[in-house]
Amino acid sequence: MKERENFGSRMAVIFAMAGSAIGLGNIWRFPYMVGEHGGAAFVLVYIVATLLISLPVFIAEVSVGRRSRRSAYGAMGRLSGGNRFWRAVGFLPVFIPLLIASYYSVIGGWSLSYFVDACSLKFVHDSPEAVTGVFGSLISSTWTPVIFHLVFLAACCVVVAGGVEKGIEKFSKYTIPVLFVLIVVILVYSVTLPGASAGVQYLVKPDLSEITPRTFAYAMGQSFYSLSLGMGCIITYGSYVSKKENIVISSFGTAVSDLLFAILAGFAIMPAVFAAGIEPGAGAGLIFQSVPFIFSTMGTHMPAVSAVVSILFFLTIVVAAMTSCIGLVEVGVAYLTDKYSVRRPLATFLMFLLTGSYGILCSLSYGPLADTKIAGRSIFDFSDWFASNILLLVTAFLVVNFVGYCMKMEEVRDEITNGGSIAFNDRIFAVLYFLIKWVAPVALVLIFITNFIS
Ligand code: TRP
């Protein structure tokens, strides 16, 4: 066993975890979930769910990782003293990231295609109506999105094959702040578009009658997805967190920055959606239709700004998507190299074949395979729903039960308070433990059931 490196400081911990959390989940998935599930009402439920359930689950995952000093695959097995059930559970966190990587790279491919369009100044020169239509023709064609998907995935795999750690972390340290600045620039422009105020209203005035059990189910799924929970990723990060670090504060910092980023993205995208006359429930293409609209109208007043911002925007999206996708593929590769001693390039190639071919099916499900449905959903939608609304919740349920019922309370307290040395954590421990032991498991079961009946 290698000596585990630790993150240098609190900011480094938050940065690394936020780097994994902030990604397409915030900027692509959150706005379209908001649009499909009731606007401000969804945002409200999302905030409550994040603070009341996801945050305790996050702390539980970090604790399991830090205490076991193992990645997701071995953590619970080790802490339970080699119990076979918990060892077997460790397999889920290997499978889920690969499923997600398949369709994540399809979206990565779309972003890449948009980046190419931005470089040819398409969004600056074409009319707003024309650019919102680009998406429909891109995804419904057969080859173009498939090729972009494979190019995107191959690029990620090349990085993975070369060994990930150092470079990538440095990479995302720069892309996240850039994305943050760009989203604020776009936000400011977006809210000043004619007709944009309806979009702002849509995000701040909740219609409480829109809150149904289904809203909770999707908000929870989104929150887990966005915080990279329920797939062992945070357990693995936790194993690198120093024993001196206050994990309650770092987890809170990560959850809040992720939340903030999602909300900023919502305010950047939704006003433009209304200004462009796009249906908020338009689905997975929401940002790919509304953002080009912003650049096109910007292009009529300030072509140079529009050109620069559009190129930078899609470039950072591609890079942010790449860093996430690399993280997802790496999980499978690490599993194969650790467990079966497969050589790294071969392991990566196997992962490429696996996620690439399944991703092709996801991509085609917007075109030639549009009529192929699994449980009433297209292949793409089914994969996303199955991963986010089912598998992430199952894993999270197992983790909170592990912490609540398999570990001893004193052990958990010891981990959360750093052996009793953080008085503040000791004071909130009772609340946190209650949330982990009672609220989260019950909520997860209810939400799980809702997913099947609504
Ligand atoms: N949270 C990421 C996002 O919002 C997606 C993601 C989930 C992820 N799990 C991950 C990224 C693991 C990297 C590693 O886009």
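View 1. At 1% relative accessibility, Arg-29 counts as buried, where buried means under 20% relative accessible area, exposed over 50% and partly exposed in between, with a 1.4 Å probe and protein chains only. The model is predicted: local features need pLDDT of at least 70, side-chain atom pairs count only at pLDDT 80 or more, and totals for chains, interfaces and linings use all residues. Residues are numbered from 1 along each chain as its sequence is written, and side-chain values use heavy atoms, with hydrogens and water left out. Arg-29 sits in helix 2; helices (H or I, at least four residues) and strands (E, at least two) are DSSP runs, numbered from the N terminus. The side chains of Arg-29 and Gln-222 are joined by a polar contact of 2.6 Å. A polar contact is a pair of N or O atoms within 3.5 Å; within protein, one must be able to donate a hydrogen and the other to accept it, and residues adjacent in sequence count only if both atoms are side-chain atoms. Leaving aside neighbours within four places in sequence, Arg-29 is in contact (heavy atoms within 4.5 Å) with Leu-24, Gln-222, Tyr-225, Asp-384 and Ser-388.

**View 2. The shell around the ligand.** The ligand has 14 residues around it, of which Ala-21, Gly-25, Tyr-104, Tyr-225 and Ser-228 come nearest; a residue is near a molecule or strand if one of its heavy atoms lies within 4 Å of it. By class, the shell holds seven nonpolar, seven polar and no charged residues. Here Ala, Val, Leu, Ile, Met, Phe, Trp, Tyr, Cys and Pro count as nonpolar, Asp, Glu, Lys and Arg as charged, and the others, Gly among them, as polar. Helix 1 (10–21), helix 2 (24–36), helix 12 (213–226) and helix 16 (303–340) each supply at least two shell residues. Helix 2 gives the largest share, three residues.

View 3. A backbone N or O atom of Ala-21 lies 2.8 Å from a ligand oxygen atom. A polar backbone atom of Leu-24 is 3.1 Å from an oxygen atom of the ligand, and one of Ser-20 is 3.3 Å from a nitrogen atom of the ligand. On its own the ligand has 360 Å² of accessible area, and the protein covers 96% of this; accessible areas come from the Shrake-Rupley method with a 1.4 Å probe, and for residues only the protein chains shown count as cover.

View 4. The expected span of a helix is 1.5 Å times one less than its number of residues. Buried residues of helix 1 include Val-13, Ile-14, Met-17 and Ser-20. Helix 15 (residues 286–301) has 16 residues and reaches 24 Å from its first C-alpha to its last, close to the expected 22 Å. Of these 16 residues, 14 are buried, so helix 15 is largely enclosed by the rest of the structure.

**View 5. Phe-115 in helix 6.** Phe-115 has its place in helix 6 (residues 92–119).

**View 6. Two loop residues with positive phi.** Most residues other than glycine have a negative phi. Leu-121, in the loop between helix 6 and helix 7 (122–125), has a positive phi near 60 degrees. Leu-121 is partly exposed, with a relative accessible area of 29%. For Ala-375, phi is positive and near 45 degrees. Ala-375 lies in the loop between strand 1 (373–374) and strand 2 (377–378), and is exposed at 62% relative accessible area.

**View 7. Thr-417, buried in a loop.** Thr-417 belongs to the loop between helix 19 (409–416) and helix 20 (423–453) and is buried, with a relative accessible area of 1%. Its side chain reaches the backbone oxygen of Arg-413 at 2.6 Å and the backbone nitrogen of Gly-420 at 2.9 Å. Beyond four places in sequence, Thr-417 touches Ile-422, Asn-425 and Asp-426.
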